[in-house]
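Me: I'm new to reading structures and would like a close look at one part of this one. Could you walk me through how a pair of helices sits together, and then what surrounds that part?

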Amino acid sequence: MEKENATLLTEFILTGLIYQPEWQILQFLMFLVIYLITIVGNLGLIALIWNDPQLHIPMYFFLGSLAFVDAWISSTVTSKILVNFLAKSKMISLSECMTQFFSFAFGATTECFLLATMAYDRYVAICKPLFYPVIMTNRLCVRMLVSSFVGGILHAFIHTGVLFRLTFCNSNIIHHFYCDILPLFKISCTDPSINVLMVFIFSGSIQVFTILTVLISYTLVLFTILKKKSLQGIRKAFSTCGAHLLSVSLYYGSLLFMYVHPGSAQTDDQNMMDSLFYTIIIPLLNPIIYSLRNKKVIDSLAKMLKRNV
């Protein structure tokens, strides 16, 4: 009977970010502006890369894909936040909750693979410039891109599928602003140890693999840069890699803190602040980081603005 009752809870309440009602409108406007800037920035970057033949090279091919994933993550999370600011009821069904988590997990995992792919691309471009066209062929780039997205889908399927073994009976209140996997563990009536182990194994393995790819690639890049005698060459290399290193540091830092140690003692507020960073702030910052530190993107934007003025 207890197990039957446990399956009756199929709707949840997202507590969200509101602490005082008088801040509701202000918070709604702030997140709306952030969301609009994020979408315009990322989709604008995609359009810029698509329309400029000079940017039709692997580096910008991957950058455009990263912009798409950032827009996807922001739409998955921020759109629900905006709806909850205006809605009287903050209820979300189990199916909606699982769908939102699947969408987020797909985007977050794909971004990990894309960042590693971009690091490898920079390694080949700087360490083996003469062989770059031979190594980074269109076929290889497409395979790496497809592998990143397929990996994201498979990883999301694994965790979403295992989530369905959980039952919810004691509480339907999710202390978060979207359906994340860790808050669901806290309100589950079923022992989530298997789920936690799956997060540690799969999420941990993906992050270790992609981080090692980034670290090894940029370690080799650093050695190559230090061997250069041309000051201009050193500046160009650092300029090319600086934006990617900053983006990688911000993204992996927050993800590692959240998911590699899912059993660590953190308050709900701390978890929400960490999640806020990699679901909303990083997708907002990425197009700014990659645009402001990339001369080709700035030049392409300037040419596009001149044509339209």
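Reply: Let's start with helix 3, which covers residues 58-86, and helix 4, which covers residues 94-127. Keep in mind that this is a predicted model. The two helices pack at an angle of about 160°, and their axes are 9 Å apart. Angles over 145 degrees count as roughly antiparallel, so helix 3 is roughly antiparallel to helix 4. As for handedness, the crossing of these two helices is left-handed. What sort of residues make up the contact of helix 3 with helix 4? They divide into 15 nonpolar, seven polar and five charged.

Now zoom in on Asp121 and Arg122, which form a salt bridge. Their closest N and O atoms are 2.8 Å apart, and the salt bridge cut-off is 4 Å. The count of salt bridges comes to one. Are these two residues buried or exposed? Anything under 20% relative accessible area is called buried. Arg122 has 10%, so Arg122 is buried.

Three strands form an open sheet in the order 2-1-3, with mixed pairing. Strand 2 (91-93) and strand 3 (173-174) are the edge strands, since each pairs on one side only. Strand 1, residues 11-14, runs antiparallel to strand 2, and three bridges join them. In general, strands of a sheet pair through backbone hydrogen bonds.

Key. Residues numbered from 1 in each chain as written. Predicted model: local features only at pLDDT ≥ 70, side-chain atom pairs only at ≥ 80, totals over all residues. Heavy atoms only, no water. Axes fitted to C-alpha atoms, helices over the stretch in contact; angles between N-to-C directions. Helix = DSSP H or I, 4+ residues; strand = E, 2+ residues; numbered from the N terminus. Parallel < 35°, antiparallel > 145°, perpendicular 65-115°, else oblique. Left-handed = near helix turned anticlockwise from the far one by under 90°. Nonpolar A, V, L, I, M, F, W, Y, C, P; charged D, E, K, R; others polar. Salt bridge = Lys/Arg side-chain N within 4 Å of Asp/Glu carboxyl O. Buried < 20%, exposed > 50% of the residue type's maximum accessible area, 1.4 Å probe, protein only. Pairing = 2+ DSSP bridges.
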